Amino acid sequence: MMYILGLTGGIASGKSTVSAFLKKKGAFVIDGDVIARQVVEPGKIGLRKLKEAFGTKIIKKDGTLNRALLGKIVFADKKQLKRLNEITGPLIRQRVEEQIEEARQLKIRLLVLEIPLLFEGHYEKYCNSVMTVSIPQEVQLERLMKRDNLKKDEAQKRIKTQMSQDERNRRADIVIDNSKQVEETLTQVIEWLIMNKFA
């Protein structure tokens, strides 16, 4: 029987660190961010639909999506963000479902479904349990500004488009505290793996 662990957390909370560690420990990881990029590659229907919705300005000279510009557009306007999600959401879900099925065929024991908007997209219905990575908001803001080279108000807007950390923590089965050293974060993950006989 395959066990599906949903992995989520706010933007810049440290999901990737936990995901990479689980992969190292033998888990098969489906990365929602990777899929989100794949469905809007040149030649894909996703990119064509985005071009129709947002105009040619969001396409770079080389034919790829200008993510930075699209990000500025959608994070400044809730309607535009909704529009983006309506286009890419079903394409992402279809690919996630295909990859879950592929993992089943391969008889994978532990599958990690790493989805930033896991609860917002109702991906918890595919999971046996959900793990969320939690950090103090001021740390999250700092990391996001540094990582994506954003001004404070831009970073705050992006954080606000997601479910609040309190709500995410309340809905999750396992909350990983990522406010201290990375070793302490990973120790909590190891404990979960041991408790569930995956280590």
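1. Two residues are said to be in contact here when heavy atoms of theirs lie within 4.5 Å of each other. In this predicted model, and leaving aside its neighbours within four places in sequence, Ile-100 is in contact with Met-2, Ile-4, Ile-30, Leu-111, Leu-113 and Tyr-126.

2. Ile-100 also has a place in the largest nonpolar core, which has 35 residues and in which Ile-100 is listed with Leu-50, Phe-54, Leu-70, Val-96, Leu-111 and Leu-113 as having the most contacts inside the core. At least two residues of this core come from each of α3 (45-54), α4 (67-75), α5 (78-105) and β3 (110-114), and the element that gives the most is α5, with eight residues. Apart from this core lies another one, of 19 residues, which includes Phe-21, Val-133, Trp-192 and Leu-193. As background to both points, nonpolar side chains tend to be buried together in soluble globular proteins.

3. How do α4 and α7 pack against each other? The helix α7 covers residues 152-160, and α4 packs with α7 at an angle of about 70°, the two axes being 10 Å apart. Because angles of 65 to 115 degrees count as roughly perpendicular, α4 is described as roughly perpendicular to α7. On the α4 side the contact is made by Gly-71, Lys-72 and Phe-75, and on the α7 side by Glu-154, Lys-157 and Arg-158. By residue class, the contact of α4 with α7 has four charged residues, one polar and one nonpolar.

4. The structure holds nine salt bridges, and one of them joins Arg-95 to Glu-102, with the closest N and O atoms 3.6 Å apart. Both of these residues belong to a network of salt bridges that links Arg-95, Glu-98 and Glu-102. Arg-95 counts as partly exposed, at 25% relative accessibility, and Glu-102 likewise counts as partly exposed, at 41%.

5. Another salt bridge is formed by Glu-41 with Lys-44, where the closest N and O atoms are 3.6 Å apart. Are these two partners buried or exposed, or in between? Since partly exposed refers to the range between the buried limit of 20% and the exposed limit of 50% relative accessible area, Glu-41 is partly exposed at 36%, and Lys-44 is partly exposed at 40%.

6. A further salt bridge is the one that Lys-180 forms with Asp-177, for which the closest N and O atoms are 3.3 Å apart. Of this pair, Asp-177 counts as partly exposed, with 31% relative accessibility.

Methods: Residues numbered from 1 in each chain as written. Predicted model: local features only at pLDDT ≥ 70, side-chain atom pairs only at ≥ 80, totals over all residues. Heavy atoms only, no water. Core = buried A, V, L, I, M, F, W, Y, C linked by side-chain atoms within 4.5 Å. Buried < 20%, exposed > 50% of the residue type's maximum accessible area, 1.4 Å probe, protein only. Helix = DSSP H or I, 4+ residues; strand = E, 2+ residues; numbered from the N terminus. Salt bridge = Lys/Arg side-chain N within 4 Å of Asp/Glu carboxyl O. Axes fitted to C-alpha atoms, helices over the stretch in contact; angles between N-to-C directions. Parallel < 35°, antiparallel > 145°, perpendicular 65-115°, else oblique. Nonpolar A, V, L, I, M, F, W, Y, C, P; charged D, E, K, R; others polar.
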